[in-house]
Amino acid sequence: MIYFAHRGSPKYVKENTIASFEHAQDAGRDYFETDVHQTLDGVLVLHHDPVTAQGFEIAHTPHDVLGLPTLNYLLKILRPEDTLNIEIKTDDFAYPDIERNVLDAAAGMEEQIIISSFNYDSLLRVRAINKDIRIGLLGEVFSLKKATSVNAYSINMHWQAIDKETVDAVHKNGMKLFAYTVNDNATLKKMEVLGIDGVFTDDVYLTL
């Protein structure tokens, strides 16, 4: 079972901060997940929502005003054994060239990277730019057509939407199935029984 430290270690340290990811590393995790938006001046930043707590729309605000941690910095602290799932957040704003910019930022580290998004068109653009990068297709249901079209490495679904039929279909087509967001042992056990490959969790100490 793979355990992705979801936005770092948010149960213990503020999510999507460098300190949160460092805490997850110190806790023994080597798989991580983060959310990436793009500022007005083209800086890739770590944040879940398109608007900050102070009310700034990331897409329309320069980085020096926002002061959010950057993807570049997070990539710098990754160890050779680490894997990072980068969720490109293009649900609300069509950030100019964000897919290419993310791939450029991770150049030379492709074997440590998984790119995911709920935005299917974003994943199509990622695949058009890079034929080999691992892609995680985020969705409410498993779509074999979409997964095949982006040559998905994994299907990332909410744990409540996963059943044995879905697990079997995903595995039959040579992909991995990851569940989000699993924060308790009872749900984790259910996922293990179903035979999924990994979970995204806010608790870096969660384990079977």
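**A buried residue, then a helix**

Author: Let's start with E87, which counts as buried because its relative accessibility is 7% (buried is under 20% relative accessible area, exposed over 50% and partly exposed in between, with a 1.4 Å probe and protein chains only). The model is predicted, so local features need pLDDT of at least 70 and side-chain atom pairs 80 or more, while totals for chains, interfaces and linings use all residues. Residues are numbered from 1 along each chain as its sequence is written, and side-chain values use heavy atoms, without hydrogens and water.

E87 sits in strand β4, residues 83–88 (strands are DSSP runs of E, at least two residues, and helices runs of H or I, at least four, numbered from the N terminus). Setting aside neighbours within four places in sequence, E87 touches E33, T34, D35, V36, S116, S117, F118 and L138; contact means heavy atoms within 4.5 Å. The side chains of E87 and K89 are also joined by a polar contact of 3.2 Å (a pair of N or O atoms within 3.5 Å, one able to donate a hydrogen and the other to accept it; residues adjacent in sequence count only if both atoms are side-chain atoms).

Now for helix α8, residues 185–194: T187, L188, M191 and L194 are its buried residues. Looking down the axis of α8, they fall within an arc of 120°, so they line one face; the arc is taken from directions from the axis to the C-beta atoms. Their cover includes β1, α7, β8 and β9. On the other side of α8, A186 and V193 are exposed. After α8 comes G195, with a positive phi near 90°.
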